[in-house]
Each structure stands twice: as structure tokens, then as C-alpha cells.
Amino acid sequence: MSNVNVTEGIKTLAIMQIRSLYPSPSTYIYDKPVKQGLKVPAFLVRIFNVYQERGMKYQANRTYSFSMVYFPSTEDVDEECLNVLEVIQNNFKYLVDRFHVHEIEGEIVDETLVMKFQVKARLHDILEEVKMRTLEGVEFDTSDNEQTEHSEAAGE
């Protein structure tokens with residue numbers, strides 16, 4: 001995954017993971033708030049915080065904090081929401097076996113299930129390679145791993 005838009009890529013992976021757990025086309029997954037016409041059952045998946053810590057050289061550790069709201073479709077909101085939370089907590093360990101999911105918590109609020117979790121990713125900067133050029137007047141003697149210098153005074 002390139003660093004161009006890693007955040008969108010991580011969110012897409014989380015949505016794909018939900019879709020694999022709930023493959024029915026009658027389960028809707030949104031990644032932006034819906035003002036009107038929300039169809040249930042539905043998930044709303046959003047990243048609300050991104051924290052980055054620089055590592056050694058070209059590395060960074062990034063933590064994505066997700067908010068995922070589940071809108072139930074049955075009258076027994078508590079049972080449906082707790083079942084969904086159970087499925088998410090049991091199956092959201094990694095996104096595509098690559099990004100570790102941490103601290104999944106869920107709470108029933110206003111007849112919806114509000115879940116929060118974090119995904120941690122280690123990123124590496126992609127650098128353009130600089131081809132080495134030979135240095136004029138410097139040559140390497142590989143027999144004893146020493147660098148020698150040619151000079152015009154030595155007749156070279």
C-alpha cells in the first residue's frame with residue numbers, strides 16, 4: 001500500500017472486513033454520515049483520529065482511531081447489537097492479516113451500537129533510488145578492503 005492515501009486505504013480495508021462478515025446486500029455500509037434515507041441494518045464507519053509517531057529513519061508508526069456505528073433492523077435492539085458486537089470483537093483481530101486491530105469496545109447508545117477500535121500500521125517512506133556514480137580518482141582495492149587514491153603525482 002503506497003503512502004499516497006494510506007488513511008483511505010485503511011478505512012477501505014475495515015469496510016471490506018465488515019462486508020466479509022456481513023455479505024448480505026441488505027446490510028448497508030456507509031463511510032459518510034447520511035442525512036436522510038438511511039437503510040437498516042447498516043454500519044457507519046469513520047476514522048476520527050490519526051496519530052503518527054516517527055520511527056527510525058524512514059519509518060513511522062500510525063494509529064487510526066475508528067468509530068463504527070451499527071443501526072439495527074429488529075425491535076430487539078439490545079440482543080441484535082450485542083450479537084453484532086460479539087461478531088466484530090471475535091473477528092476484527094487484523095485487517096487483511098496485516099494491520100493489528102486494538103481495543104475494540106462497544107456501547108449501546110440511543111438504540112444504536114457505537115463501537116470504537118484502533119488500527120496500528122507501520123509505514124515506510126518510499127525513496128527514489130539514487131544510482132551511485134564512480135568517483136574520479138578513487139578506486140577500491142578489494143583484496144584488503146582498503147580505499148586507495150590515485151594522484152597525478154604518482155604518475156597515474
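The dialogue below explains how to read several features of a predicted model.

Colleague: How many helices and strands does the secondary structure of the protein come to?

Modeller: The model is predicted, and its secondary structure comprises 2 helices and 8 strands. Read from the N terminus, the order of the elements is α-β-β-β-α-β-β-β-β-β.

Colleague: Which strands does S2 pair with, and in what sense, parallel or antiparallel?

Modeller: Let us take the two pairings in turn. S1 and S2 run parallel and are joined by 3 bridges. Within this pairing, Tyr30 has Leu44 in S2 as its bridge partner. S2 also pairs with strand S3 (residues 59-71), here in the antiparallel sense and over 12 bridges. One of the residues in this second pairing is Val45, whose bridge partner in S3 is Met68.

Colleague: What is found between the strands in the hairpin of S2 and S3?

Modeller: The hairpin has 4 residues between its strands, and Lys57 takes a positive phi near 45 degrees there.

Colleague: Where is Lys11 found, and is Lys11 buried or exposed?

Modeller: Lys11 belongs to helix H1 (residues 6-21). The general idea is that a residue under 20% relative accessible area is called buried. Lys11 has a relative accessibility of 9%, and therefore it counts as buried.

Colleague: Which residues does Lys11 touch, apart from those up to four places away in sequence?

Modeller: Lys11 touches Asp31, Val45, Ile47 and Phe66.

Colleague: Which residues form a nonpolar patch on the surface?

Modeller: The patch consists of Val34, Leu38 and Val40, which together have about 190 Å² of accessible area. Val34 lies in the loop between strand S1 (28-30) and strand S2 (42-54). Because its relative accessibility is 32%, Val34 counts as partly exposed.

Colleague: What can be said of burial and surface for the protein as a whole?

Modeller: The protein has 156 residues, and 31% of them count as buried. Its accessible surface comes to about 11300 Å², and carbon and sulfur atoms account for 48% of this surface.

Key:
Residues numbered from 1 in each chain as written. Predicted model: local features only at pLDDT ≥ 70, side-chain atom pairs only at ≥ 80, totals over all residues. Heavy atoms only, no water. Patch = residues over 30% accessible without salt bridge, like charges linked within 9 Å, V, L, I, M, F, W, Y side chains within 5 Å. Areas by Shrake-Rupley, 256 points an atom, 1.4 Å probe, with all protein chains shown as cover. Salt bridge = Lys/Arg side-chain N within 4 Å of Asp/Glu carboxyl O. Buried < 20%, exposed > 50% of the residue type's maximum accessible area, 1.4 Å probe, protein only. Contact = heavy atoms within 4.5 Å. Pairing = 2+ DSSP bridges.
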